[in-house]
Amino acid sequence: MIEIAAASCLYHDFIRQLRNDQRVQGGFLEHVSISSAQQDVYMTKFASRYLVALIADQPAGYAGSIDNDIRVCTHPEFQGRGVGRALINAIMERFPESQARIKPGNHASEALFLACGFKQVGESDGLLIFRRADLAAG
Ligand SMILES: CC(C)(COP(=O)(O)OP(=O)(O)OC[C@H]1O[C@@H](n2cnc3c(N)ncnc32)[C@H](O)[C@@H]1OP(=O)(O)O)[C@@H](O)C(=O)NCCC(=O)NCCS
């Protein structure tokens with residue numbers, strides 16, 4: 001069962017390590033190596049806009065919406081089990097105006113957002129813009 005929880009300080013290092021994980025970096029626009037100190041500063045500001053997904057009390061993925069821009073990642077060991085879908089649905093309940101900017105060729109991310117009722121509404125700076133179909137017109 002997937003549980004959605006607030007991104008309390010218990011999970012800040014999980015989020016950092018997952019974002020730094022070479023196995024997921026290809027899905028993002030930028031390759032990063034975030035230090036603990038950088039993560040502390042970032043999370044002090046933005047933790048309230050992040051959620052984590054837990055499976056059997058273990059963190060399995062995270063999502064956040066900053067300036068209505070969604071970032072999402074599922075740990076490789078938990079991919080394909082509905083974690084991303086649960087996170088996006090929870091993010092959209094809390095931050096309903098959010099949209100996704102997807103790197104062309106990130107088929108997993110495109111499939112995830114389509115499965116969550118998004119559609120592509122355009123392109124900007126070389127990224128595909130996806131909005132929830134019911135909100136796309138507004
Ligand atoms: C994109 C990502 C978050 C998907 O997470 P996930 O937990 O594996 O996704 P889910 O299991 O919830 O799948 C949701 C839907 O997307 C589809 N999907 C997920 N990964 C897929 C893949 N690799 N290929 C095709 N479809 C895929 C699933 O089939 C599912 O659709 P369905 O319910 O109709 O079967 C995950 O692959 C990831 O973390 N990638 C690296 C980071 C990244 O690219 N983040 C996005 C930046 S915009």
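Reply: Strands β1 and β2 pair in the antiparallel sense over five bridges; two strands count as paired if DSSP finds at least two bridges between them. Helices (H or I, at least four residues) and strands (E, at least two) are DSSP runs, numbered from the N terminus. Within this pairing, E3 faces L54 of β2. The model is predicted: local features need pLDDT of at least 70 and side-chain atom pairs count only at pLDDT 80 or more, while totals for chains, interfaces and linings use all residues. Residue numbers start from 1 along each chain as its sequence is written.

The sheet is open and has four strands in the order β1-β2-β3-β4, with antiparallel pairing. Its edges are β1 (2–6) and β4, each of which pairs on one side only. From one strand to the next the twist averages 20°, where axes are lines fitted to C-alpha atoms, for helices over the stretch in contact, and angles run from 0 to 180 degrees between N-to-C directions.

Helix α1 lies across β2, β3 and β4 and runs at about 85° to β3. Helix α4 also packs on the sheet, touching β1, β2, β3 and β4, and its direction makes about 40° with that of β3. Contact here means that the C-beta atoms of two residues, placed from the backbone, lie within 7 Å.

In α1 (residues 12–20), the buried residues are H12, I15, R16 and L18. A residue is buried if 20 or more other C-beta atoms lie within 10 Å of its own, exposed if 12 or fewer, and partly exposed in between. An α-helix has 3.6 residues a turn, so residues three or four places apart point the same way. The cover over the buried residues of α1 includes strands β2 (50–55), β3 (58–66) and β4 (69–74), along with helices α2 (22–25) and α3 (36–46).

Helix α4 holds R85, which is partly exposed because 18 other C-beta atoms lie within 10 Å. Not counting residues up to four places away in sequence, R85 touches L112, A115 and C116. R85 and C116 are 31 residues apart in sequence, yet 6.4 Å apart in space, C-alpha to C-alpha.

Strand β4 and helix α4 (83–94) also matter for the ligand: β4, α4, β5 (100–102) and α5 (107–115) each supply at least two residues of the shell around the ligand. The largest share, six residues, comes from α5.
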